[in-house]
Amino acid sequence: MITLASDFGTPYPAAMKGVILARTDARLVDVAHDFPRQDIRTAAFWLREVLPWFPPAVHLAVIDPGVGTDRTALAVRVGDHALVAPDNGVVLPAARELATSTSSTDAIEFFAIDDEGAASSTFHGRDVFAPAAAAIDEIGIADLASLDRITPMSDPVNCTLPDPALFDGRAAGEVLAVDGFGNVITNVPGDVIDHVDRVVVGGDASVGGEVPVGETFAAVDPGDRLATVGSHGNVELDVNRGRGDEAFGLSPGDTVTLEVRRD
Amino acid sequence: MITLASDFGTPYPAAMKGVILARTDARLVDVAHDFPRQDIRTAAFWLREVLPWFPPAVHLAVIDPGVGTDRTALAVRVGDHALVAPDNGVVLPAARELATSTSSTDAIEFFAIDDEGAASSTFHGRDVFAPAAAAIDEIGIADLASLDRITPMSDPVNCTLPDPALFDGRAAGEVLAVDGFGNVITNVPGDVIDHVDRVVVGGDASVGGEVPVGETFAAVDPGDRLATVGSHGNVELDVNRGRGDEAFGLSPGDTVTLEVRRD
Amino acid sequence: MITLASDFGTPYPAAMKGVILARTDARLVDVAHDFPRQDIRTAAFWLREVLPWFPPAVHLAVIDPGVGTDRTALAVRVGDHALVAPDNGVVLPAARELATSTSSTDAIEFFAIDDEGAASSTFHGRDVFAPAAAAIDEIGIADLASLDRITPMSDPVNCTLPDPALFDGRAAGEVLAVDGFGNVITNVPGDVIDHVDRVVVGGDASVGGEVPVGETFAAVDPGDRLATVGSHGNVELDVNRGRGDEAFGLSPGDTVTLEVRRD
């Protein structure tokens with residue numbers, strides 16, 4: 001199984017699929033091809049959230065603002081999973097999450113893929129990463145290290161999602177992403193609002209103030225704001241049947257503070 | 001085979017696919033993940049139009065404004081097909097159409113899926129519906145009733161698409177949907193304009209008046225308006241190589257009246 | 001294997017997939033369903049770029065502004081590949097490219113598909129082309145000619161992508177497409193800017209003038225313009241981490257002139 005993620009839109013991912021299917025009959029599953037263009041951190045967040053739900057697979061992820069420069073092409077082995085991506089950090093949070101969620105006792109292994117002789121300088125998704133993903137699928141993830149054109153490396157470019165500052169009854173964090181519903185996903189862990197009735201939202205929010213905490217959107221009337229714990233386990237700022245990003249005036253990268261209130 | 005439909009955009013459907021593929025190797029086919037957000041009626045219309053073209057399959061459809069409330073999680077068996085969705089009516093028109101189109105002599109059977117212990121209150125697509133669809137695929141649709149955590153129920157939430165009022169030479173209906181081309185799909189059955197030369201369009205249309213009836217878009221010049229019978233069998237208001245919704249000023253839910261004219 | 005391309009958006013392609021899967025268990029791969037509506041030339045360009053990367057397959061491509069008119073339904077055999085599309089030229093450039101790239105010694109063969117009795121006049125993707133693609137997959141591409149309802153034809157509607165005028169140190173061409181990143185893809189072959197340091201961009205560009213030639217986007221600072229050779233082998237006008245279409249003021253169909261400069 002090979003999953004595919006990119007910021008390519010269409011039809012470039014189809015060229016990657018053609019290249020793969022000319023080499024292997026692996027099942028292909030799209031993760032997303034509409035990640036924000038060349039935005040490594042947002043893609044890194046979503047890959048961390050989504051990839052651990054898959055069974056063992058080769059995960060191809062091409063968000064590649066440095067295509068054609070001397071950035072390395074990267075392959076990663078995490079237990080039964082492999083990741084193939086540019087060496088810009090985009091798969092590092094997912095690799096760490098896979099190591100945790102699969103309880104792999106092996107260390108995460110990193111490899112450089114030789115990309116000499118790529119047919120283009122601008123589409124390594126097709127010319128470097130897709131062939132590498134197909135080759136790993138064919139040889140088997142356990143034998144990734146024995147592939148030609150792959151050499152161990154030790155110091156991949158990192159990408160860490162920001163940690164919030166947590167105080168007694170207060171958290172200072174950041175907006176990691178806004179999903180398609182407009183839900184504002186923060187980096188503040190959900191347990192900050194356990195047994196909390198309301199939070200005062202501040203930071204870069206253009207419309208802050210006190211909002212109720214609810215277990216589900218329907219805890220408030222349609223159109224009203226709330227804070228809840230999203231499916232990723234973090235605090236979300238939402239509107240029931242509406243868009244939290246618009247109601248709070250928050251975008252990815254904005255700071256957000258939460259002060260808890262109990263009745 | 002499992003089909004997937006939602007209003008999730010990306011990448012949430014990939015998490016559902018990961019959950020399914022960790023449990024079964026069923027073929028997965030996307031119906032659409034860009035249905036209008038939390039719009040049960042529009043999704044119900046499209047599911048009714050599209051699902052009956054599939055061979056026997058489990059159809060997963062998650063348009064779920066009530067996620068996390070006490071709305072039931074629903075499984076439906078219609079002959080060789082199964083549907084898995086929130087109990088909000090979104091799959092009822094498709095279920096009735098499948099019963100008709102497959103000439104199933106069995107009654108439609110409804111089941112409640114136990115969703116106690118779901119990992120999240122906000123993403124039952126991943127935590128309730130995807131595992132249920134995978135389990136039905138594994139056990140087989142014929143044996144759906146024997147699954148754990150499934151109990152028969154008798155009174156699912158209904159969703160009926162509105163019926164038009166039909167008079168001699170006149171119909172008063174409603175816009176069910178606007179497709180990606182801008183074609184305005186009404187609930188008026190196509191036979192109302194059989195052997196008709198023109199119709200006078202009224203109701204909420206901001207630009208109404210008389211337009212020709214054509215068997216195909218090319219019956220009029222590019223940019224001109226017409227009424228035709230769409231692929232769903234209903235009257236559509238269209239523009240040849242243009243957008244009918246803009247030319248008529250009509251949106252889903254608007255009323256539309258048609259008076260027939262013969263030369 | 002059957003690939004699918006259209007300008008349908010969603011959910012109409014799912015109806016085509018249902019029809020196919022009711023007839024065959026072929027692997028299905030989406031090329032794109034968001035091609036510009038009814039724009040034959042742009043789709044023809046992208047199909048030519050993408051389809052040759054696939055292993056032998058039936059390629060279904062429905063961009064069909066003439067649906068329901070007397071335009072013919074077309075099947076094409078090119079070596080191990082087949083194409084199924086309306087006879088409006090949309091697959092002709094791809095067919096010629098497949099003939100070249102697969103080094104097929106056979107001539108390209110054209111067939112008319114009988115579409116009498118199609119269930120609709122507006123959705124031949126579902127009612128004519130999808131069943132034909134499934135039938136070709138089932139009988140095998142080599143035996144395409146022996147299918148019922150298929151007859152040889154000799155004079156399909158052509159679509160030629162425009163050729164540039166090439167002079168010593170100067171090219172007068174056209175914008176073929178703008179991709180999702182905003183890269184302006186011209187019809188000028190890449191070797192025109194081999195060993196060239198800068199080009200002066202003119203024609204319909206609202207912001208022309210001299211820009212550097214780079215092997216990769218990163219040859220210039222983020223936000224700066226450049227000319228490069230894209231993954232299709234043609235000259236592209238781009239912005240590093242930005243949109244070339246906006247920076248140059250160029251759209252598909254615009255003329256573009258390039259004058260080369262060497263240091």
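This report describes a helix pair, several backbone features and the cysteines of a predicted model.

## Packing of helices α2 and α3 in chain B

Two packed helices are described by the angle between their axes and the distance between the axes. In chain B, the axes of helix α2 (residues 40–50) and helix α3 (residues 92–101) come within 7 Å of each other and cross at roughly 20°. Because angles under 35 degrees count as roughly parallel, α2(B) is roughly parallel to α3(B). The crossing of the two helices is right-handed.

On the side of α2(B), the contact is made by B:Ala44, B:Leu47 and B:Arg48; on the side of α3(B), B:Pro93, B:Ala94 and B:Glu97 take part. Sorted by class, the contact of α2(B) with α3(B) has four nonpolar residues, two charged residues and no polar ones. An α-helix has 3.6 residues a turn, so residues three or four places apart point the same way.

The buried residues of α3(B) are B:Leu92, B:Pro93, B:Ala94, B:Ala95, B:Leu98 and B:Ala99. What covers these buried residues includes helix α2 of chain B, together with the strands β3 (58–62), β4 (73–78), β5 (81–86) and β6 (109–113) of chain B. B:Pro93 and B:Ala94 belong to the buried residues of α3(B) and also to its contact with α2(B).

Just after α3(B), the backbone at B:Ser103 takes a positive phi of about 50°.

Most residues other than glycine have a negative phi, and most peptide bonds are trans. In chain A, a cis peptide bond joins A:Thr10 and A:Pro11, with omega about -5°. A:Pro11 is placed in the loop between β1 (2–6) and α1 (12–21) of chain A.

In chain C, the peptide bond from C:Thr10 to C:Pro11 is cis, and its omega is near -5°. The place of C:Pro11 is in the loop that runs between β1 (2–6) and α1 (12–21) of chain C.

## Positive phi in loops of chain C

C:Gln38, a residue other than glycine, has a positive phi near 60°. This residue lies in the loop between β2 (28–32) and α2 (40–50) of chain C. With a relative accessibility of 23%, C:Gln38 counts as partly exposed, because the class of buried residues requires a value under 20%.

C:His195 is another residue other than glycine with a positive phi, near 60°. C:His195 is found in the loop between β10 (184–189) and β11 (198–203) of chain C. Its relative accessibility is 73%, and C:His195 therefore counts as exposed.

## Loop between β10 and β11 of chain C

C:Asp194 also lies in the loop between β10 and β11 of chain C. C:Asp194 has a relative accessible area of 43% and is therefore partly exposed, whereas C:His195, at 73%, is exposed. C:Asp194 and C:Val229 are 35 residues apart in sequence, and their C-alpha atoms are 9.0 Å apart in space.

## Cysteines

Over all chains, the structure holds zero disulfides. B:Cys159 has a relative accessible area of 10%, which means that B:Cys159 is buried. C:Cys159, with a relative accessible area of 10%, is likewise buried.

Key. Residues numbered from 1 in each chain as written. Chains lettered and ligands numbered in written order. Predicted model: local features only at pLDDT ≥ 70, side-chain atom pairs only at ≥ 80, totals over all residues. Heavy atoms only, no water. Axes fitted to C-alpha atoms, helices over the stretch in contact; angles between N-to-C directions. Helix = DSSP H or I, 4+ residues; strand = E, 2+ residues; numbered from the N terminus. Parallel < 35°, antiparallel > 145°, perpendicular 65-115°, else oblique. Left-handed = near helix turned anticlockwise from the far one by under 90°. Contact = heavy atoms within 4.5 Å. Nonpolar A, V, L, I, M, F, W, Y, C, P; charged D, E, K, R; others polar. Disulfide = S-S within 2.5 Å. Buried < 20%, exposed > 50% of the residue type's maximum accessible area, 1.4 Å probe, protein only.
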